[in-house]
Amino acid sequence: MQANKPENFYQNVKDALAQPDLKMIIRRTTDKAEAKRAEAIANFPGFENARKQGQKVKDHTIKYMDHYLAEFEKNALAQGTIIHWASTAEEASKIVLDICRQHEAKKVTRSKSMLGEEIGLSHALDNSGIERVETDLAEHIIQLAGDPPSHIVWPAMHRSREDVIKLFREYHKDPTYSEEIIDLVRSARRDLRTKFLTADIGISGSNFLLADSGSSCTVTNEGNAELTITPPKVHIVTAGIEKLVPSMAHAVPLLRLLTRSATGGEITQYITFHNGPKRQNDADGPEECHIVLVDNGRTKMLADGMEEMLRCIRCGACMNHCVVYKHIGGHAYGSVYPGPMGSVLTPHLNSLEVANKQTHACTLNGRCEEVCPVNIPLPKLLRSLRAQSWDKKYEPLTNRFVVKAFAALAKRPKLFQLVSSCGVIFMRLCSRQGWIKSMPLAGGWTRNRDLIEPESKTFMQQYKAMKKAKSDGA
Amino acid sequence: MNKQKSEMSRANIFSAIKAAAPTTSMDVNTIQNEALEILGESEFARPALLAEDAAEALTLRIEAGLVIGTSCEKIASLDQLPDSVNQFLAKYALPAELKVQEIERLKALNWQGITTEVDIKNDNTVGLCWAEYGIAETGTFVVHSGPDMPILLNFLPLYLLAVIPKSKILPYMDDYALIAGEIARKGGTPRNMCLISGVSGTTDIEGVLIQGAHGPEVLHIVIIEDQ
């Protein structure tokens with residue numbers, strides 16, 4: 001599957017809505033995540049306090065980001081880690097590739113990292129001829145399928161069991177002919193095990209960077225991060241600079257929030273802190289450890305007043321609860337980061353000109369903000385991006401015309417009432433048995449669902465009639 | 001060349017941060033005090049334990065099925081461990097083979113005919129390790145990498161037994177983080193600190209939970225009461 005482009009958002013949405021099973025497939029995962037999150041939070045009366053604490057940890061670190069970055073660098077260097085800095089995605093990718101080339105790496109294993117996707121590392125590795133092995137089961141599935149991820153926690157949620165059966169039979173050395181999910185997982189276990197043990201370099205992301213010890217931290221349920229990182233001679237971490245927290249004690253409240261918000265579990269099975277290369281005489285571990293600290297638009301977010309977005313811990317709760325995401329799925333956004341958080345992030349990682357349409361893919365119902373574990377005001381940030389997009393004239397001419405026409409009408413109440421009563425008459429003319437199946441200028445709506453017939457009078461007509469009836473009665 | 005480019009990016013990142021937040025204080029004491037103040041809130045922002053005693057709370061959590069794929073038992077002293085292991089092997093109809101972490105107190109036990117030389121690179125093996133700490137809040141055992149603790153021992157076997165001394169079971173993750181902070185201050189941080197709370201699991205195919213994705217499918221915690 002070819003990755004969609006963010007600038008083709010409207011077409012991507014049309015394509016997604018035309019897929020008959022997509023909505024069912026998405027909801028199978030997101031509805032379960034929603035229910036499990038609600039249960040986890042009901043079992044944790046201190047959740048609201050934890051949210052406030054988590055937000056404070058992130059805000060504090062962002063406020064003193066230069067201090068903590070310098071601390072992290074000092075302590076990581078003391079552990080023997082080699083630190084690299086990258087302003088852009090291209091620079092970050094190039095640093096990783098150069099390390100791979102220096103070590104003449106033929107095979108690299110990777111544990112799931114959204115930042116790795118953001119900097120285009122998969123493509124860069126594929127283009128360089130180095131064998132790339134994705135070790136997270138979902139990433140393994142989409143690597144075999146050639147798909148981009150469709151969710152930040154469940155990147156293969158758009159693939160059914162039948163798809164997985166076909167892929168594993170085609171690509172695994174010793175495939176299963178059973179259709180049971182447990183046998184499919186065992187097939188992947190057999191296939192990946194030798195790759196874990198024979199890779200030249202292991203590449204991971206980091207959920208947190210601890211300033212006081214220079215540690216990176218991986219959080220998984222599969223345990224694939226440790227298997228990716230430990231056997232090869234070299235470990236490379238790629239991490240955004242916003243992953244910093246002052247210490248492990250500050251990561252703890254965020255860990256409590258992350259798992260509950262992401263999967264509804266209370267904690268992931270594996271949380272590992274990685275501190276530089278192996279020590280002398282250590283039984284295992286890499287001999288060399290590199291951390292690539294990536295900006296790629298993050299300092300710009302700081303400068304543009306979007307620092308609240310830097311709190312994001314990538315749990316995916318906002319997309320699991322988003323009515324738009326649940327209809328169109330992750331691929332339609334045309335970005336590594338879909339859903340509400342993606343609609344705020346993508347304009348900064350790419351450009352607002354390219355990704356302004358996603359900021360409108362929101363009903364502003366506020367669910368994302370309600371469930372965000374670190375209280376990111378996503379609707380406010382989306383509104384601010386819409387305003388910027390308007391000011392910079394990125395909106396299509398038709399939108400600009402419609403908004404200006406509405407503004408002109410709204411300032412003239414009599415004319416507004418006249419036009420709305422004509423609108424009601426016109427809509428009722430298009431209606432059959434209480435429903436409008438198609439109507440000029442409303443194709444975007446009626447293509448996928450019927451529109452309900454409006455009342456015979458406008459709101460103002462009904463309001464006036466009601467007021468009159470009241471005064472007559474009195 | 002690369003080093004120069006990296007240095008330049010470093011300078012750019014720092015100057016962009018300074019330009020975005022020009023009024024921020026850089027007084028280290030102020031920053032540290034603010035950071036400490038946030039930690040003071042943890043008391044009101046963490047879940048209740050299932051029992052007051054940490055070891056009891058950890059046991060109850062596992063027995064309630066809240067730790068994926070995990071069972072637990074308490075034994076009075078370390079010399080009872082081979083018996084526990086034998087029962088475990090019998091329960092899962094496994095051969096008498098076990099990779100024991102190479103530390104003196106485990107090696108010195110009477111393993112009653114159990115083969116302890118096992119290559120964990122093979123699949124379907126059983127591993128036994130000694131945990132540094134337990135955490136009641138999350139049903140966790142903690143291991144630190146070192147000359148006698150290969151990290152892979154916790155990740156390659158299909159069956160894993162972890163021994164936790166009762167005195168090393170902490171109530172909350174925060175308690176472990178404070179210990180880790182102390183270790184960092186003394187400059188003795190090991191390469192890896194792993195917090196393991198259950199077995200290797202995945203829900204990536206149709207949301208169905210499968211244990212033993214890459215690592216252990218079954219985990220058994222043995223708490224030693226006199227240690």
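Two residues count as in contact here if their C-beta atoms, placed from the backbone, lie within 7 Å. With that in mind, the structure is a predicted model, and I will start with the interface.

By that criterion, 80 residues of chain A are in contact with 71 residues of chain B. On the chain A side, helix H10 of chain A, residues 181-198, supplies the largest share, with eight residues. Sorted by class, that side of chain A has 35 nonpolar, 25 polar and 20 charged residues.

There is also strand pairing across the two chains. Strand E9 of chain A, residues 270-274, runs antiparallel to strand E8 of chain B, residues 192-196, and five bridges join them. Within this pair, Ile271(A) has Leu195(B) as its bridge partner.

Next, the sheet in chain B. It is an open sheet of five strands with parallel pairing, and the order is E1-E11-E6-E3-E2. Strands E1 (70-75) and E2 (99-100) of chain B are at the edges; each has a single partner strand, so one side of each has no neighbour in the sheet. Helix H3 of chain B, residues 54-63, packs on this sheet and touches E1 and strand E11 (218-224) of chain B. The direction of H3(B) makes about 140 degrees with that of E1(B).

Elsewhere in the sheet, strand E3, residues 126-130, and strand E6, residues 159-165, both of chain B, run parallel and are joined by five bridges. There, Trp130(B) has Val163(B) in E6(B) as its bridge partner.

Last, the domains of chain A. The assignment gives domain 1 as 35-299 and domain 2 as 401-473. The C-alpha centres of domain 1 and domain 2 of chain A are 52 Å apart.

Definitions and conventions
Residues are numbered from 1 along each chain as its sequence is written. Chains are lettered from A and ligands numbered from 1 in the order in which they are written. This is a predicted model: local features need pLDDT of at least 70, side-chain atom pairs count only at pLDDT 80 or more; totals for chains, interfaces and linings use all residues. Domain bounds come from an automatic or database domain assignment. Two strands pair if DSSP finds at least two bridges between them. Helices (H or I, at least four residues) and strands (E, at least two) are DSSP runs, numbered from the N terminus. Axes are lines fitted to C-alpha atoms, for helices over the stretch in contact, and angles run from 0 to 180 degrees between N-to-C directions. Ala, Val, Leu, Ile, Met, Phe, Trp, Tyr, Cys and Pro count as nonpolar, Asp, Glu, Lys and Arg as charged, and the others, Gly among them, as polar.
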